[in-house]
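Here is a short report on one fold. Have a look at the chain first, then read on.

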Amino acid sequence: MQTRTLGTNGLTVSAIGLGCMGMTMSYGPPPGTRDDMIAFIRQAVERGVTFFDTAQVYGPFHNEELVGEALEPVRNRVMIATKFGFDLGPDHDGPSTGLNSRPEYIKAGVEGSLKRLRTETIDLFYQHRVDPDVPIEEVAGAVKDLIAAGKVKHFGMSEPSAATLRRAHAVQPVSAVQSEYSIWWRRPEEEVLPACDELGIGFVPFSPLGKGFLTNTVDLNADFTEGDIRKVIPRFTAEARHANQALVDRLAGIAQANGATTGQIALAWLLAQRPYIVPIPGTRRIGRLEENIGAASISLNPEDLAAIDTAYAETDIQGARYPEQLEAQTNR
């Protein structure tokens with residue numbers, strides 16, 4: 001697979017990564033056992049994926065444990081990203097009770113992540129959400145200390161505002177920003193991506209397929225199962241799905257003309273936006289993984305890109321991307 005570089009300090013990864021959250025939470029029970037998911041992650045490595053994303057709060061901890069066990073035999077071939085910043089109690093044993101990016105909490109928590117990931121150093125350590133109660137300079141300073149100690153290699157941030165990103169970067173260079181970005185959620189284009197352009201920071205879109213909607217495989221009338229985060233997301237109400245299908249229908253036409261799937265077009269569009277963008281679609285099935293990987297070989301021409309922009313501009317996307325409480329934690 002092609003590779004891309006995040007930031008200016010040599011973090012080189014596959015052009016398509018793998019988001020691992022759904023293997024333990026947020027999208028209902030996985031299609032198989034834990035051993036099946038371990039085998040799946042290893043199959044991703046064999047297919048060229050070298051960038052794997054997890055977080056302390058996923059589970060909490062179960063996802064890091066899964067990723068760590070899966071990647072231990074191939075650790076020298078991959079880059080692992082995890083995230084800190086949710087308060088998992090004084091003993092870091094969960095569940096989350098809010099945000100906590102106090103420096104002492106970050107430094108204590110990294111020890112658990114290292115153990116669960118079965119590694120001596122974390123390739124990319126993101127602040128999961130900006131903590132309004134802790135100056136970002138102190139957060140960046142704590143990660144800088146961890147880098148100096150050899151426990152972390154690169155600093156990342158998830159869902160920051162451009163202003164906060166600049167302040168953090170002045171203390172410790174940020175290698176990557178991870179925020180939601182896709183054909184139907186384009187807020188990063190307003191301020192964050194221009195800041196990444198200026199500062200030399202990579203960008204890692206999560207939910208690059210619109211939590212599955214942009215694959216054109218979501219049943220417009222189906223009820224989501226318990227444990228599926230889309231059950232509480234306003235953009236996934238039945239009414240919103242029916243309205244938003246207009247965008248996917250336009251993408252399907254572009255996909256057909258390119259001999260691709262709509263999901264591949266959504267990923268190829270992201271790859272075309274910046275040379276430092278690395279999407280991390282999450283999946284738990286080999287067929288979908290291979291489809292996602294295939295997007296890295298698709299080159300959209302200027303007419304395709306213009307048609308996608310027109311389709312987006314002419315579609316009145318319905319529904320917020322998060323419930324209000326979760327949205328309040330972003331763009332700080």
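Which residue in S6 is the bridge partner of Lys83? The partner is Tyr126. This is a predicted model, where local features need pLDDT of at least 70, side-chain atom pairs count only at pLDDT 80 or more, and totals for chains, interfaces and linings use all residues. Residues are numbered from 1 along each chain as its sequence is written, and side-chain values use heavy atoms, with hydrogens and water left out.

**The sheet**

An open sheet is formed by 7 strands in the order S3-S4-S5-S6-S7-S8-S9, and the pairing is parallel. The edge strands, S3 and S9 (202-206), each pair on one side only. Two strands pair if DSSP finds at least two bridges between them. Strands (E, at least two residues) and helices (H or I, at least four residues) are DSSP runs, numbered from the N terminus.

Strand S6 (residues 122-127) is mostly covered, with 6 of its 6 residues buried. Buried means under 20% relative accessible area, with a 1.4 Å probe and protein chains only.

| Strand pair | Bridges | Sense |
|---|---|---|
| S5 (residues 79-84) and S6 | 4 bridges | parallel |
| S6 and S7 (residues 152-158) | 5 bridges | parallel |

Tyr126 also has a bridge partner in S7, namely Gly156. Leu124 stands opposite His154 in S7.

**The crossovers**

From S5 the chain passes through helix H3 (residues 103-117) to S6, in a right-handed β-α-β crossover. S6, helix H4 (residues 136-148) and S7 make a right-handed β-α-β unit. Right-handed means that, with the strands pointing away from the viewer, the path from the first strand over the helix to the second runs clockwise.

**Helix packing**

Helix H2 (residues 62-71) packs on H3 at an angle of about 45°, and their axes are 7 Å apart. Glu64, Glu65, Val67 and Gly68 in H2 meet Ser113, Arg116 and Leu117 in H3; contact means heavy atoms within 4.5 Å.

In helix H9 (residues 286-294), Leu289, Glu291, Asn292 and Ile293 are buried. The buried residues of H9 pack against strand S3 (18-19), helix H1 (34-46) and helix H8 (262-273).

**The cores**

A nonpolar core is a set of buried Ala, Val, Leu, Ile, Met, Phe, Trp, Tyr and Cys residues joined through side-chain atoms within 4.5 Å. The largest one has 81 residues, and Leu18, Ile41, Phe52, Leu71 and Phe203 have the most contacts inside it. Not counting residues up to four places away in sequence, Leu71 touches Ile41, Val45, Phe52, Val78 and Ile80. A second, separate core has 13 residues, including Val13, Phe51, Ala176 and Ile280.

Definitions and conventions: Buried < 20%, exposed > 50% of the residue type's maximum accessible area, 1.4 Å probe, protein only. Axes fitted to C-alpha atoms, helices over the stretch in contact; angles between N-to-C directions.
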